[in-house]
Amino acid sequence: MTTTLISAADLAARLGAADVRVFDVRHDLTNHAAGHEAYAAGHIPGARYLDHETELAAARTGKNGRHPLPDRAQFGALMAAHGVTPQTLVVAYDASGGMYAAHLWWMLRWLGHGQVAVLDGGWQAWLAAGLPTTTEPAPTVQPGAPVVPGAPLAGSVDAKAVLDNIAQPAFTVIDARAANRYRGEVEPMDPVAGHIPGALNRPNGQNLQADGHFKDAGQLREEFTALLAGRDPKTIVHQCGSGITACHNLLSMEIAGLAGSRLYPGSWSEWCSDPSRPVAKGE
């Protein structure tokens, strides 16, 4: 069973169950210590912290993007070390509108684990509901058997496929970065500004309501259907700066019932590391 979102109330009702693991993935791309510091200051009881820079990414070469995917078997071993089994419901949360939680959600589906959900509204929703927090570290758990990667429930493409697609289009790229980064007007994270030629733009913040919860399925479906303009969801590939916020758009399409889109994990940070790859600017 594939899950998308879970409410704070529903998570609270299941907190502490043996078949539930909660992961805190709060993070800041400009201050890599911020997430762990936030976790130490207070977190959902029983939640276990995962670091997007050191645990949820492979070594960087300068050519493979800012958050290259880890080896699937190593990622499976990491999940097993936290007690995750095929029967475990994994819940991820952050304090950034779900962008980091959505990345872990996608990674677990890429591993072949379908029982994973994002806490709707994240840390802020948990606090707003008056639910308990703690500074106590997560309890020791019995490691599970190694989580052997199964058939991925989420697909991906590499840079070569994206490059080949420009000349012979088989899919459409959707860029989740802010509009001014997409247009190439500013680039705060990577050395080159612009976007992949032919890519559409859907800033991931457009998936949220003012209170930080995801828009309802009907509204997301209406908005993405307009953007897709008749394209099959299975022909959509999501991209952002380093493969994180793109997962927010991918999750939103799944919430909307538009299933089957894929991820370009290397995203813009990988794409622009090779000067031979074309760059577009403007709308």
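**Close-up views of a predicted model**

**View 1. Ring pairs join Phe 75, Trp 106 and Trp 110 in a cluster.** Rings of Phe, Tyr and Trp (its six-membered ring) pair if their centres lie within 6.5 Å; planes under 30 degrees apart count as stacked, over 60 as edge-to-face and the rest as tilted. This is a predicted model, in which local features need pLDDT of at least 70, side-chain atom pairs count only at pLDDT 80 or more, and totals for chains, interfaces and linings use all residues. Residues are numbered from 1 along each chain as its sequence is written, and side-chain values use heavy atoms, with hydrogens and water left out. The charged end of Arg 72 sits over the ring of Trp 110, 5.8 Å from its centre (NZ of Lys or CZ of Arg within 6 Å of the ring centre and within 35 degrees of the ring normal).

**View 2. Tyr 93 and Trp 123 form a stacked aromatic pair.** Four aromatic pairs are found in the whole structure. In the pair of Tyr 93 and Trp 123, the centres are 6.1 Å apart, with 20 degrees between the planes. Tyr 93 belongs to strand S4 (residues 89–93) and Trp 123 to helix H5 (residues 122–128), so the pair ties together parts 30 residues apart in sequence. Helices (H or I, at least four residues) and strands (E, at least two) are DSSP runs, numbered from the N terminus.

**View 3. Cys 240 and Cys 247 are not in a disulfide.** The sulfur of Cys 247 is the nearest cysteine sulfur to that of Cys 240, 6.9 Å away; a disulfide needs two cysteine sulfur atoms within 2.5 Å.
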